[in-house]
Amino acid sequence: MKEIKMPQMGQSVEEATIVDWLKKEGDTVAVGDPIFTIQTDKAEIECEASESGVLRKILVPAGVEVPVFTVVALVGDAGEALPDLAAYGVKGGAASAPAPAPAAAAVEVTAPVAAVPVAANAPVSADAADRVSPRARKAAQSKGVPLEQVAGSGPEGRILSEDVLAWAGAQDGVRSTPTARKIARESGVDLTQVTPGHGGRVTKDDVLGAIGSTPVAPAASGAAAPSLVAGQVTPLTPMRRIIAQRMAESKFSAPHFYVTVEVDMQECVRFRNSGTAFKPSFNDLIMRATARAIQDFPLVNSRWKGDSVETVAEINLGFAVALDKGLVVPVLKRIERMSIQDINRESKVLIDKARNGKLLPDDYSGNTFTISNLGGFGVDHFTAIINQPDSAILAIGQIKDRVVVIDGGICVRPIMKLTLSSDHRVIDGSVAAQFMGRLKTVLEKADF
Amino acid sequence: MTKALMVRPDEVRKGFTINLGEIKVNQYSKTLKDELKGKGPITPARAMRIYRDMVIIREFETMLDRIKKTQVYEGINYMHAGPAHLSIGQEAAAVGQSVHLNVSDHLFGSHRSHGEVIAKGLRAVEDLQGKPLQALMEGYFGGEILKTVESHEKNFSPLKAGAKDALKTTEAEELGIDFLLYGLLAEIFGKEPGFNKGMGGSMHVFFTPFGVYPNNALVGGSADIATGAALYKKVRGAEGIAIANIGDASLGCGPVWEAMGFASMAQFNTLWEDSHRGGMPIIFNFMNNFYGMGGQPIGETMGIERIARAGSGINPDSMHAECVDANNPLSVADAYARKTAILKEGRGPVLLELQCYRQTGHSPSDQSSYREREEIDLWRSVDPLLEFGRQLVDAGLATESTLAEVQAYATRKVSKACKLAADETICTRMVLTPHQGVSQMMWSSEIEDFSKTQVLTEGVLLKEEENPRVLAIAKKSRKGIDENGAVIKGNKAVTYGEAIFEAVLHHFYRDPSLVAYGEENRDWGGAFAVYQGLTEALPHYRLFNSPISEGAIVGTAVGYALEGGRALVELMYCDFLGRAGDEVFNQMAKWQAMSGGYCKLPVILRVSVGSKYGAQHSQDWTALCAHIPGLKVVFPATPYDAKGMMATALSGSDPVVFFESQRLYSGQTEVFHPDGVPADYYRVPIGEPRIVKEGKDLTILTFGATLYRAHEAALELESKYGVSVELIDGRSLVPFNYDVLYQSVKKTGKLILGSDACERGSYLHTIASNITQMAFDHLDAPPAIVAAHNWIVPPAEKEEDFFPQPWWFLDAYHTQIKPLPGYTAQTNRTPGEMLFLSKYGVA
């Protein structure tokens, strides 16, 4: 039986929630098939199967948050016996965890206890697991000991090398066959808790027996994707919940004000059509121009810190991408160092990932300024809510031919309306106005 | 402090008046003509050389002035980034001084000593020309300076100048002059062919083969070092005198007074043995140019009308003080002839004030904002070169054109030196890396083996084995632990203090150059009785009481060692190091490397870390010493190591600060070396920590007496908590072989560092940081520091709250490394507490 684990999508991610299982028990999966989607603190990501075979057991149902690297499912042959699910913290009996399952298909689920060590040592919290001495880390690596299963005996639960060695020693202390040890370690089974069979030596069968002896919870099944019907009450998806929380927080904490300018995009149109190698999008040009203007008015690229304002040196430009279920904001890092080609290429990669649910947390964090473009929906002008921790967001309307007066004459020009929402705690009106003036100039002169 | 000198109330209480006597000022009134008429040392040839030497100095410094201000001299371009303190206007003082000096007379100077170096050097070249000069030029740093001056512009044209060519030079002398000027200038420019490989530079340049000893950038720094050189000459019967060339403003410096006091000790005449009786052969030569940098000692910053007056405060001879017109080389030469005679009669020391005037600024950046233009002009009108040139013409030795010829000659000589020294292909700089250059010159690291050296019969007063203390120690156990495992107390077994005594005694009977002195060293036997038994064994000239002059104690030891001797000096309490700050940190630490690795400096400085004596007598300042590059710093904690490491220090060629602990002298017997303290001679290498006790769970490293408290802690950790402790005695801070510690930490993964020094800036932090770098992946916790608090040392009764106690180690283990079951920490060692305390400056 092979394990599918909760992947760590980005350095900072410690826990994740499975939003949807895209396969159900009994389905055949191949390596690379999308198997479930997860929600981290910012985005929804599609996860691929790391093993091939029949999805035999879903251990962590949708809606439950578990630490990364937790085993969430088992894949094997159709006829293969399931191991002892107690090893995975699966208990028999009624569900006790909240099940934010779709209303149409209320299912009973077991409550997987996240990454519970089966070892005799007391379980450690995720926080404490961070406290590992360098020596312990080294020992764990060389002995193949899963640190999350080891209880630390140092100050505030810091795992010391002796804790690792004790864990490994306890395992090694049990007379067992090499295969049994391997299986036990891989399945997180504590050998000291396995009753040995013939001759007092724990064998492969003993371990497998121990795994298989735990009652299995009834399988969850038939979880269909929610479809919207008028009058229906839809529970919040994790993404919805996050969007709601973040937007409300921003709007209620940061005093917003708005500055709008009209930009004559004629030079941009010309610039866009003048290239031979590639044709940048208007978005590429606007992002480039925004970076230029921020360099002249760095205060716009700041973060409110309660008793200080941090003006950030690098410009990490977030841009909102609308998805069916909500929106995500991938970030172009250090955009001030990018050429228009770079911006074009990198933003395409990010948009692609966003639409396919493959954004990694590192792709959508670290933003210092954000833009949002609703021009594609035919919107002339709108105001956006600041994407914190930024202090400003630029709302972009559609480019539309309008009649304007130039040098006393009437002309038709492609006009775009830009609106900056600013956090007044950080940015004053004059700064916002000057920034917008600079942005307008860069675009109107196509001076990238 | 000696039974030979009775302090009698009837004498002390008798009424009388002290007569300070007379101090002569500007009494010389002869002309050159007068001198030539007599049969004295001023011959026509000498007079012409005096002029030539003054002109060379003037030209050399004029060159430096131009290079510094315009980066060009005689078409030679060079940018000199370093200092150049010029003495233009003071040439007569420098040249007049050297007229009567021999190579064996040793000159110690100041930051403004180019002129003195050239004058003494030219005199030495003249005296040594021939085989001795050739040999020393070929031998100095592989003959590189010689090779360069020999192979460039070798168009030898002897100088023949003055009436009947009174000034005639030979090819050998010309080569010697080129050698001198190039070696000096390359040094000033900080280049490797320089006399000190460029590591001395303008303010420190020296060349001992010519009798030119270190010039010192600390004002008055040469006073006590020259006194130490004179001490060597006196103790060892070496030829010549020592001269401290120091400035008028240095009279404001304590160590200058300390040096004059040291040099004038009455015991030289009252107590020292007949073979060594008499005054110190030293001249404190104050070059009075009337300014410090800009302040004026006479009339502004001090209360005296002439520097020479200071002599009357030092001894009944008023140091034979005299104030001389040093604008005239003849009056200076006259004074030197008379004063060196006084020294040879054993009536030193002498104080001489040479009045001269610095026409240039303190340094090229000096705007002379502190003096009137008129004053400079007045002195220019009596310029020593002008006046003496006129005397030569009056005496019929030269014409104006002869003088011009000498000037042209000087320009030629200086140009050659400048051209070579400025050339970046010929005259390059030292490559400096941790493996090359001056890094390899910090130590001389020689060990002289005294284990089988013949026992001295001179310079000792009784047979080594008949020494009363040796006999007393012979009755004691060599081991500190008896057959039953019980500790034997200090009255029954060899102590820490006795172990040091044994090493010192051994060396005194085998190293004729060894002297020991310091406060209460004789009779009392040192404040902590380490030297008890030495008074009976040694004459005064090898062991004596010094004045309470910490600066001079260390400074003289440096001078003594530079001359070739080995000095063992003591500061009593560690806390007195501050009094000798310059001498320890700038002098003792520096001269080996600043000589470009030429000099050796075997000075062993004993300092004692106090206990129970409060804030100014109980501090461990190992970190201060370890911080200064150039000092070896050791702190043995056991009798075995104290004896063996003292033996190594006394066998070496490097400066060693030897820390001892007052908690150990009389009570501590040998409990960690199973065989006790060997009666025979042995050495323990400096730089190697020692594993006192092996263990596997925790490493504790300590420096000094903290070892014993750590040991108590180790026993408790093992017996009560089953933590097996590996205890390491650091023994030596610089150098410190990390390998022993690294291997131990690799094994245990846990480290506590302990010492009685205050925590902030403690050397323990250096070790902690380095071992974390080296062994990060082996560590189970950051190294924990157990150190004294960052307060003043409280009274004896409260020391437990201040100095590390055994339970502090348990607290550190419990709080910072691994909680001990059932243990409650008595001290707060959490990060939160550190953060809190840091705001108040006590963390």
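Let's start with a pair of strands: strand β2 (residues 15-21) of chain A and β4(A) run antiparallel, joined by four bridges. To pick out one residue from this pairing, A:Asp20 has A:Thr37 in β4(A) as its bridge partner. Keep in mind as you look around that this is a predicted model.

Now stay with β4(A) and look to its other partner here, strand β5 (residues 44-48) of chain A. Those two strands also pair in the antiparallel sense, over five bridges. Is strand β4 of chain A mostly covered or mostly open? Strand β4 (residues 34-39) of chain A is mostly covered, with five of its six residues buried.

Here are the two pairings side by side:

| Strand pair | Direction | Bridges |
|---|---|---|
| β2(A) and β4(A) | antiparallel | four bridges |
| β4(A) and β5(A) | antiparallel | five bridges |

Let's zoom out to chain A as a whole. Chain A has 10 helices and 18 strands, and 38% of its 448 residues count as buried. If you take the contacts in chain A with a separation of 6 or more, 64% of them are between residues 24 or more positions apart.

Next comes the place where the chains meet. Chain A puts 10 residues into the contact and chain B puts in 12 residues. On the side of chain A that touches chain B, helix α2 (residues 134-143) of chain A gives the largest share, four residues. Sorted by class, that side of chain A has four nonpolar, four polar and two charged residues.

What about chain B itself? Its average pLDDT is 96, and 100% of the residues score at least 70. For the complex, the predictor gives an ipTM of 0.71 and a pTM of 0.72.

B:Glu305 sits in the loop between β9 (282-288) and β10 (322-325) of chain B. Why does B:Glu305 count as exposed? Because B:Glu305 has 11 C-beta neighbours inside 10 Å, and the cut-off for exposed is 12 or fewer. From B:Glu305 to B:Ala710, you go 405 residues in sequence and 60 Å in space, C-alpha to C-alpha.

Terms used
Residues numbered from 1 in each chain as written. Chains lettered and ligands numbered in written order. Predicted model: local features only at pLDDT ≥ 70, side-chain atom pairs only at ≥ 80, totals over all residues. Contact = placed C-beta atoms within 7 Å. Nonpolar A, V, L, I, M, F, W, Y, C, P; charged D, E, K, R; others polar. Buried ≥ 20, exposed ≤ 12 C-beta atoms within 10 Å, placed from the backbone. pLDDT = per-residue confidence, 0-100. Pairing = 2+ DSSP bridges.
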